[in-house]
Every structure is written in structure tokens, then in C-alpha cells.
Amino acid sequence: MNKDQKYEEALAQLETIVRKMEANEFDIDELAVQLKTAQQLITFCKEKLTKTEAELQKIQAEQGENR
């Protein structure tokens, strides 16, 4: 996973992994690898959302001060 990866790309990759897991497309060895990747993607997406939410709150607070 790339730190410059966009949220939408990470989410699409996660959705692909989940779809393949649900369809039993991974053998047991690949399943473990993909599960670890999915966990990393979930953490990445949560961090992106948290950071974006904080930035939006900061912008809203600044706009409130300027009124």
C-alpha cells in the first residue's frame, strides 16, 4: 500500500478483496495475505476519514470566526 494512495483507490481495492473473499476465490495461503492487506486498507481509510473530518471542522470553525 502506498502512502500517496487516494481514499477512493484504497476503498476500491478493499471492495475487490471483500468480493473475492465472499466468492471464495482465494486459497488458504492467499486468504491470509489478503486479510492482512484488507486490515491495512481499513486502517488507511479510517485515518483518511478522520483527518478529513478534522480539516473540515477546522475550516468550519475558521469560517465561524470570520462572520
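The chain has a radius of gyration of 17 Å, whereas a compact globule of 67 residues would have one near 11 Å; the radius is taken over C-alpha atoms, and the globule rule is 2.2 Å times the number of residues to the power 0.38. The structure is a predicted model, in which local features need pLDDT of at least 70 and side-chain atom pairs count only at pLDDT 80 or more, while totals for chains, interfaces and linings use all residues. Residues are numbered from 1 along each chain as its sequence is written, and side-chain values use heavy atoms, with hydrogens and water left out.

Along the principal axes, the C-alpha atoms fill a box of roughly 60 × 20 × 15 Å. The chain contains two helices and zero strands, assigned as DSSP runs (helices H or I, at least four residues; strands E, at least two) and numbered from the N terminus.

Of the 67 residues, 16% count as buried, that is, under 20% relative accessible area with a 1.4 Å probe, protein chains only. The largest nonpolar core comprises eight residues: Ala10, Leu14, Ile17, Phe26, Ala38, Leu41, Phe44 and Cys45. Helix H1 (7-22) and helix H2 (28-65) each supply at least two residues of this core, and H2 gives the most, with four. Such a core is a set of buried Ala, Val, Leu, Ile, Met, Phe, Trp, Tyr and Cys residues joined through side-chain atoms within 4.5 Å.

Not counting residues up to four places away in sequence, Phe26 touches Ile17, Lys20, Met21, Leu31 and Gln34, contact meaning heavy atoms within 4.5 Å. Among contacts in the chain with a separation of 6 or more, 68% are between residues 24 or more positions apart.

Technical notes: Buried means under 20% relative accessible area, exposed over 50%, partly exposed in between (1.4 Å probe, protein chains only).
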